[in-house]
Amino acid sequence: MTVTDTADAPDDTVGRADPTRPDSSYRGAQALLFAAAAVAIASTLLAILAGSDHAGAVPNGLRVAVVVAAVTLLPGAPIAVLLRLRQPALVGSVTVSISFATMLIIAQAEVVTGNLRPVTVQLYICAVSAALILWASRTLVPAVPRPRPDRTAVVTRYALLGAVAVAVVLFAHATKVLRPQASGALGVITHIGFSYLVALAIVAAVIAVALSRARLDPVVLGAAGLALIMFTTMYVSLADGVTSIPTAYTHRGLIDIIASLQGLPPPSDARFSWAGFFSAGAHMSGAGALSDLSPMLLWAPLFYGGVTMLPLYSIALSLTGRRRVAWIAVILYLSFNWYQQDYFAPQPTATMLYLTICALLLWQLRSAPLPSAPRSWRRWIVTVSRRTLGTVPGVGAGRTLAIEALMIVMIAAIVITHQLTPIVLIAALFLFSLTATTRYRLLWLFAVALFVAWFSYGA
């Protein structure tokens, strides 16, 4: 990791980057590239079947899974590996966000030009991703072999994962017996069954045990976090078998309109002026010959909540330098998030990109040298903006510029996808620039230019 442990640091803390230390994320990068390669092959085959009108031989649920995996991993996975960020959560965050941004921009360009060719474009994306995967695999440097984990840690991991599995089974039973139609003025709160409460208690206990151990286990905490997302956001949806958020159906309708017209309709709805998400949905629908988008609508809260854990953890780790505190921050977010804003919509898509940009800037701020500011607030106002953040050790000028270019791509994707997120992003980037805590002093100005350009053209 670029935010990585020093040789004698406790498991809970992270230190500055050490470019001389062997890369400990080799196996993770290998696994990520292998998964991306498998998805590229599956997506290519599905696109060929869709182009030849034979995709119906593949179950719709499997087609949805392949399409979503492609949008999540291609071409972001090899690009993130090539950046050699060395922080697993940040690598995952960049993987997802670059893949999202690529799809949003390409699909919007297809729709704006009236040249929606999802099968052909998807084949190009898979081909470029395959080339990048081969390139990235050649850059991997094997790490020093890790010592085998002790038996107690392995047994504890499987015991806690087993407890999470039991909680999921109990939750599934709770959704089977829940009857949302019978709820009254107080909603389903009066109909919550014993199975649900026990499932929630088990997950809470697993999280407490995992956080109290001397060596944190990200596998257990990640699984418990996903279970927590499911329990708090999908109870009614899984009981009904359909999403409980009606606006998701409106978004599905907007996607169907774009797919049917092969372009943008007349400006009958303001959301067509920020149609990046809906254009991407039309592309996904065509590339996979999807007959029904309902699985996307139903499982969107779990998907968006799961991927959002990555930048949230990275941000908390950069701010605190402590893994335990970072995991607590993620769990608190998942427990008290503003529910029903993580559904099948542009908002959580743009939020993921925004959080990734913040995670990258805070990772650089923690890892790179920064001249200290004077304690006097009068001198601070005068001199703080004159500081210049250094480069991250081990990250040269080329990769530093590449990171900035990728952030500009993510900003462009946000601008064409959501009306409000660009404003928040511009304010955040301006604060980074004003306090001289980023090397990218003019990034906020790029964001303003892109926002104004799209507002005057597209909106």
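This is a predicted model: local features need pLDDT of at least 70, side-chain atom pairs count only at pLDDT 80 or more; totals for chains, interfaces and linings use all residues.
Me: Which side chain is joined to that of Asn60 by a polar contact?
Reply: Leaving aside neighbours within four places in sequence, Asn60 touches Leu290, Ser291, Asp292 and Pro295. One of these residues also makes a polar contact, side chain to side chain, at 3.0 Å. The partner is Ser291.

Me: Are Arg252 and Asp292 buried, partly exposed or exposed?
Reply: The relative accessibility of Arg252 is 24%, and that of Asp292 is 32%. Buried requires under 20% and exposed over 50%. Arg252 therefore counts as partly exposed, and Asp292 likewise counts as partly exposed.

Me: How many salt bridges are counted in the model?
Reply: Side chains of opposite charge can pair when their charged atoms come close. Among the pairs here is Arg271 with Asp269, whose closest N and O atoms are 3.0 Å apart. Another is that of Arg252 with Asp292. The count comes to three.

Me: Which parts of the chain does the salt bridge between Arg157 and Asp217 tie together?
Reply: The closest N and O atoms of Arg157 and Asp217 are 2.7 Å apart. The two residues are 60 positions apart in sequence, so the pair ties together separate parts of the chain. These parts are helix 6 (residues 151–177), which holds Arg157, and, for Asp217, the loop between helix 7 (194–212) and helix 8 (218–233).

Me: What is the relative accessibility of Met234?
Reply: Met234 is placed in the loop between helix 8 and helix 9 (235–240). Beyond its neighbours within four places in sequence, Met234 contacts Phe171, Ile229, Leu298, Trp299, Pro301 and Leu302. Met234 counts as buried, with a relative accessibility of 0%.

Me: Which elements give two or more residues to the lining of the second largest pocket?
Reply: This pocket is lined by 23 residues, and those nearest its centre are Val68, Met284, Met296, Phe303 and Phe344. The elements in question are helix 2 (60–73), helix 4 (88–112), helix 11 (276–287) and helix 12 (294–320).

Me: How many residues in the lining of the second largest pocket are charged?
Reply: The pocket has a volume of about 450 Å³. Its lining comprises 19 nonpolar and four polar residues. The number of charged residues is none.

Me: Which two residues are joined by a cis peptide bond?
Reply: Most residues other than glycine have a negative phi, and most peptide bonds are trans. The cis bond has an omega of about -5°. It involves a proline in the loop between helix 2 and helix 3 (76–83). The residues joined are Leu74 and Pro75.

Me: What is the phi of Arg84?
Reply: Arg84 is situated in the loop between helix 3 and helix 4. At 37% relative accessibility, Arg84 counts as partly exposed. Its phi is positive although the residue is not a glycine, with a value near 50°.

Me: What is the phi of Ala289?
Reply: Ala289 lies in the loop between helix 11 and helix 12. Ala289 is partly exposed, at 28% relative accessibility. This residue, not a glycine, has a positive phi of about 45°.

Key
Residues are numbered from 1 along each chain as its sequence is written. Side-chain values use heavy atoms; hydrogens and water are left out. On a 1 Å grid over the protein atoms alone, a cavity is a set of points where a 1.4 Å probe fits but cannot get out, and a pocket is an open set with protein on both sides within 12 Å along at least five of seven lines; lining residues have an atom within 4 Å of a point. Grid points are joined across faces, edges and corners, and a volume is the space filled by probe spheres set on the points. Helices (H or I, at least four residues) and strands (E, at least two) are DSSP runs, numbered from the N terminus. Ala, Val, Leu, Ile, Met, Phe, Trp, Tyr, Cys and Pro count as nonpolar, Asp, Glu, Lys and Arg as charged, and the others, Gly among them, as polar. A polar contact is a pair of N or O atoms within 3.5 Å; within protein, one must be able to donate a hydrogen and the other to accept it, and residues adjacent in sequence count only if both atoms are side-chain atoms. Contact means heavy atoms within 4.5 Å. A salt bridge is a side-chain nitrogen of Lys or Arg within 4 Å of a carboxyl oxygen of Asp or Glu. Buried means under 20% relative accessible area, exposed over 50%, partly exposed in between (1.4 Å probe, protein chains only).
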